[in-house]
Amino acid sequence: MISNKMKEQVQSSSIIRAMFEEGKRLAEIHGAENVFDFSLGNPSVEPPEDVKKAILEILNTESTTKIHGYMNNSGYEDVRATIADSINDKFGTAFGQKNILMTVGAAGGINVILKTLLNPGDEVITFAPFFGEYRNYVNNFEGQLFVVSPNTLDFQPNLEEFKQKITPKTKVIIINSPNNPTGVVYSEETILNMADILREKQKEFGTDIYLFSDEPYRELAYDHVKVPYVTKYYENTIIGYSFSKSLSLPGERIGYLVIPDQAADFENILIAANIANRTLGYVNAPSLFQRVVAKCLNAKVDVETYNKNRELFYNGLLSYGYQCIKPEGAFYLFIKTPLDNDVEFCNLAKQKNILIVPGTAFGCPGYARIAYCVAYKTIENALPGFKALIEDLR
Ligand code: PLP
């Protein structure tokens, strides 16, 4: 018999993954070209050419034991040093290789940090709408997730409610910007105010509260919007980065954590996170791809392709009467559903072979997420269906 904890996770199993399977089923019945699957954040643009070049160069020039062998559980020292230098160049920070821990994507990094920090019953706070997997990750380590309700005006975090939710048991805050599912970038003002609140609460309770910034979409930002580098605003910040979206490599499972010297108990966190990476069963991040990403730190995914999709979809939906905030990053639109019941609305969309994810899956009912990391043509072909959907409801 499976464990009680897994029973819970099976029951609440990802609605997004279920949609993905549904998309495949519908494509078999109606033909792939007649199914408009906007359910999954799977990058649609090719990885930059540099990625292929790097793979071939590494395979052709380096010894296979070096490429495929075990290494320090935190990752290759030279790769971590190269990444630290690159962050320092971009953001004026002063990290060294010791501050970087290579991870199995952002998901691996979050699990490593939660295992490192949480005692059973410790509280974690995040802001709706949020990536639903956080619930499972916190549950993995017997933490308790508290969710700040959404500020649907502009989807910046509701900091008044945040303040009320912090208790002496609050250990970790998870933020995600550019955000999945809204595409909103948390402003510098938001980060400054959040940092002030956290410092005040740390002082009040005599505790350390870590701010975990989950950043798989950092590179996917439009119109030159500034995405603040959070370690510069709050000393107890830990960053989780991933190459899944920026280099279109989600299946390769590669990312890193940044654990700054300024973070409270930093030396023990480094030791513990290294061990957590091992004992969670990852052992280390994929060895070949550590080397690949180190050669591709300045390669950029083709953001312009996503930008064109964003403009087409956003303008089209608005012209039909949908309400939606214009995303500044990532590759998602978060529309207000014309029906209050978002699950029902997404079921109606499915009848038109359009797959989108109810906001309920992100802790924000009354909305739906559309992933526009698809071919431009798919959006063009799907727009009449979206028009018919809203007209049917009038
Ligand atoms: N965090 C957020 C907000 C995401 O949207 C995703 C993936 O969609 C992840 C983490 C996991 O990313 P990775 O593939 O790097 O594990």
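Me: Why is Cys-346 called buried?
Reply: The relative accessible area of Cys-346 is 1%, and buried means under 20%, with exposed over 50% and partly exposed in between (1.4 Å probe, protein chains only). Cys-346 therefore counts as buried. Please keep in mind that this is a predicted model, where local features need pLDDT of at least 70, side-chain atom pairs count only at pLDDT 80 or more, and totals for chains, interfaces and linings use all residues. Residues are numbered from 1 along each chain as its sequence is written, and side-chain values use heavy atoms, leaving out hydrogens and water.

Me: What makes Arg-291 and Asp-78 a salt bridge?
Reply: Their closest N and O atoms are 3.1 Å apart, and the rule asks for a side-chain nitrogen of Lys or Arg within 4 Å of a carboxyl oxygen of Asp or Glu, so the pair qualifies. The two residues are 213 apart in the chain, Arg-291 in helix H11 and Asp-78 in helix H5. Arg-291 is buried at 7%, while Asp-78 is partly exposed at 39%.

Me: What separates Glu-21 and Lys-24 in helix H2?
Reply: They are 3 residues apart, about one helical turn. Helices here are DSSP runs of H or I with at least four residues, and strands are runs of E with at least two, numbered from the N terminus; H2 covers residues 15–30. Glu-21 and Lys-24 also form a salt bridge, at 3.6 Å. Glu-21, at 44%, is partly exposed, and Lys-24, at 43%, is partly exposed too.

Me: How do you know that strands E3 and E4 pair?
Reply: There are 5 bridges between E3 (residues 123–127) and E4 (residues 144–148), and pairing takes at least two bridges found by DSSP, so these strands pair. They run parallel, with Ile-125 opposite Phe-146.

Me: How do E10 and E13 run?
Reply: Strands E10 (residues 332–336) and E13 (residues 367–371) are antiparallel and joined by 5 bridges. Ile-335 stands opposite Ala-368 of E13. Both strands belong to an open sheet of 4 strands in the order E9-E10-E13-E12.
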